[in-house]
Amino acid sequence: MTPTAQVVTLTIDSKQYSARTDETILEIARQNNIFIPTLCFLEGLSGWGACRMCIVEMKGSTKLFPACTTRAAQDQVITTDSPRLRQYRQTIIEMLFSERNHICSVCVSNGHCELQSMAQKLGITHIDLPYRFPKMEFDSSHDLFRLDHNRCIVCTRCVRVCDEIEGAHTWDISGRGINSRVIIDLNESWGNSETCTTCGKCVRVCPTGALTRKGTGVAEMEKDQDFLSYLRMMRGVKS
Amino acid sequence: MTAAELENVAEIENAAQASYRHQIRVCAAAACLSQGSDKVKDNFDKEVERRGLNRDCQVKCVGCMGLCAEGPLVAIDGLEKMYQNVTANDVSEIVSSLETKPVERLVCSTDAPFFKRQTRVASEYCGLIDPERIEEYIAAGGYQPLQKALTEMDPQEVIDEMTKSGLRGRGGAGFPTGLKWGTVAKARSGDGRKFVICNGDEGDPGAFMDRSVLESDPHRVLEGMAIAAYATGASLGYLYVRAEYPLAVKRLKIAIRQAEKMGVLGSGILSTPFDFKVDIRLGAGAFVCGEETALIASIEGRRGQPRPRPPYPAEEGLWGCPTLINNVETFANVVPIIRNGGAWYAGIGTEKSKGTKVFALAGAVKNTGLIEVPMGTTLREIIFDIGGGIPGGKKFKAVQTGGPSGGCIPEQFLDMPVDYESLGKVGSIMGSGGMIIMDETSSMVDVARFFMEFCQSESCGKCVPCRVGTAQMLDLLQRFIDHTATGRDLALLEELCDMVRNTSLCGLGMTAPNPVMSTLRYFRHEYLEHLQPDRDAAPAAAEVTA
């Protein structure tokens, strides 16, 4: 607990909870088993607020707030689920599916993909938005891992884990807008990277089939993200 | 420098200027320069030299006089007698006429509404003083408000005066400036550092207010920043200017150097214990860096991407320290407020929108250029009286305010007063002050597509709704242009507008649908006309060609 943080009470979905002012709405919700969908968020990494899945309504404001970066405050009244929020979240998932080439049936992450499972959880049966079918590349130059831009949702978990946990900062984003994509070093091929330590953390935190282990077939790429909470515990870090 | 020395500088400069019988002011802001005003200035110098009038005639470069459409502009003795469209060849004739009648064919009528209907506050010295000489700024009364603030007012009094003035952020959102200053002043900084940032990353297509102020009167912005720093407890400021404004950057650099030399910037300002330094940071051409958190990231040397607020920069800004960010024009209004008092400023404008606003008139209007009018002036006055109406006898169709974040306002609202609330009510925004006027030949679907293309290419790509949503909306708008859109596409477009507006991370995404939504609201029939022709009718058309 940071010295300046205070303990407050707030209301989430008509129930009262206590929280510290250095905690986010998402943290409090998770502590109390309230489900708020997330994609770019990963416990143990810094909040990013970019996928907008975790948007919640706050009484007294017409704006929507990302639960992953919004800190608790006294007497906040938060709504985590409403027809409007549900619709927006569904559209976000649809946008991600339409943005690149997510073809589950031939994906190594089929069945272990957070985008896929989130779509199922939110009851998405079809995509209304026109698919964009961009021509994307993949990078198989690394001995152990593969990068497939077709499956990337630009959540930047790989960028953050590499920078914040491994301390290598191999990953970053190049381009902007719809042309944003993850790059290695100064746009090198992965196999030629001088900074990559081959630790594989990026592959483990990637929510989709964008970063995978080589040699995995369809639906074989299981991810293991538990190491983050272990690392955090061992290092005594509070997020 | 002490107060007495400051006065001394002003006196010497005023005496020097009074010794000339005539002053010839040549506009040296970007628009007139592009029309060759530098050659005009050179010729004036040569002509005055040739005739041996060096002691009688002062020729100087000044900032923007506003009527960019008729540049290069030259003013003789004050701003009452003005010549327009001056070329290098006209110079000799003008110099000959100094003691006699003006050169008829070049006279720019300063009695015209374009000049008479304006109220110049932020741009009061624009066109009058040489932006590259601090002495002229001081002679015109510059740096006295700073001296007044430092010696006669405590920081809270400065903030109170700003609050009293009712000034609201001129960057577009209209947040009360006094409140923002007060928040930064109250905010506690972990290591005691606070910062003042001037946002000069003007990126709206067709907007050039900030550029003009920076090019014409850079000291005013520096002085405004210094007063803000004193009020909020900051000692370092950053001027974030886009690299596309080389002239503004050059003049700011000169201004900062001169101000430091004069002791009105730097350490121990005006012989008080107050220190304030200003550094320039150049934007690398990303529109999103006009968003305050992206701008801060850019100054910190990181990728120019916004982050969710709160925390607001006033609490956690540059390097985690409390940071005041105001727009160029906001800072330009500080000096007159401190000089004349907040109550004076609050006397101009409307109940909720005080003071004046600088607008850049562009598009289908006779007098393209820069104007400053009191808040609450109607669109009709701005476009038809000051702007001179639509050229070529065409009919007015719409005015786009607020750039890519704003909306298109149709004819029925021409008599609406221009203030933050009214513009918001009709689906547009004040924005930074760009006004693009469109005549009957403009297609509103084209306009919407243009701005969506802008937003799409300027989206930073961080959040999903803006990254994918703008691209999807652009594709949909293209279908309308190609006449291949269906009713389903129209529904989808409207759905995406609502979703992107409500879920995007920063202002760019939140306002990106505005041009589409406002044109859908007022010119829906144009979208309907762009729908795919009825499928049943298609074979008939084919038969005709066969």
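Predicted model: local features only at pLDDT ≥ 70, side-chain atom pairs only at ≥ 80, totals over all residues.

Colleague: Where is His169(A) found?

Modeller: Phi of His169(A) is near 50°, a positive value in a residue other than glycine. Helices (H or I, at least four residues) and strands (E, at least two) are DSSP runs, numbered from the N terminus. In those terms, His169(A) is found in the loop between helix 4 (157-166) and strand 8 (171-174) of chain A.

Colleague: What about Asn85(B): buried, exposed or partly exposed?

Modeller: Asn85(B) also has a positive phi, about 50°, although it is not a glycine. Its place is the loop between strand 4 (81-83) and helix 4 (91-96) of chain B. With 15 other C-beta atoms within 10 Å, Asn85(B) is partly exposed.

Colleague: Why is chain A as compact as a globular protein of its length?

Modeller: Chain A comes to 6 helices and 10 strands. The radius of gyration is taken over C-alpha atoms, and the globule rule is 2.2 Å times the number of residues to the power 0.38. For 239 residues that rule gives 18 Å, so chain A is as compact as a globular protein of that length, with a radius of gyration close to it at 19 Å.

Colleague: How far apart do the C-alpha centres of domain 1 and domain 2 of chain A lie?

Modeller: The domain bounds, which come from an automatic or database domain assignment, are 7-81 for domain 1 and 104-235 for domain 2 of chain A. Two residues are in contact if their C-beta atoms, placed from the backbone, lie within 7 Å; 11 residues of domain 1 of chain A are in contact with 17 residues of domain 2 of chain A. The C-alpha centres of these two domains lie 26 Å apart.

Colleague: Which element gives the largest share of the side of chain A that touches chain B?

Modeller: Across the interface, 24 residues of chain A are in contact with 23 residues of chain B. Strand 4 (64-66) and helix 2 (83-99) of chain A are the elements that give two or more residues to the chain A side. The largest share, 7 residues, comes from helix 2 of chain A.

Colleague: How many residues of helix 19 of chain B are buried?

Modeller: Helix 19 (residues 464-481) of chain B reaches 25 Å from its first C-alpha to its last, close to the 26 Å expected, where the expected span is 1.5 Å times one less than the number of residues. This helix is followed by His483(B), whose phi is positive, near 60°. Helix 19 of chain B is mostly covered, and of its 18 residues the number buried is 14.

Technical notes:
Residues numbered from 1 in each chain as written. Chains lettered and ligands numbered in written order. Buried ≥ 20, exposed ≤ 12 C-beta atoms within 10 Å, placed from the backbone.
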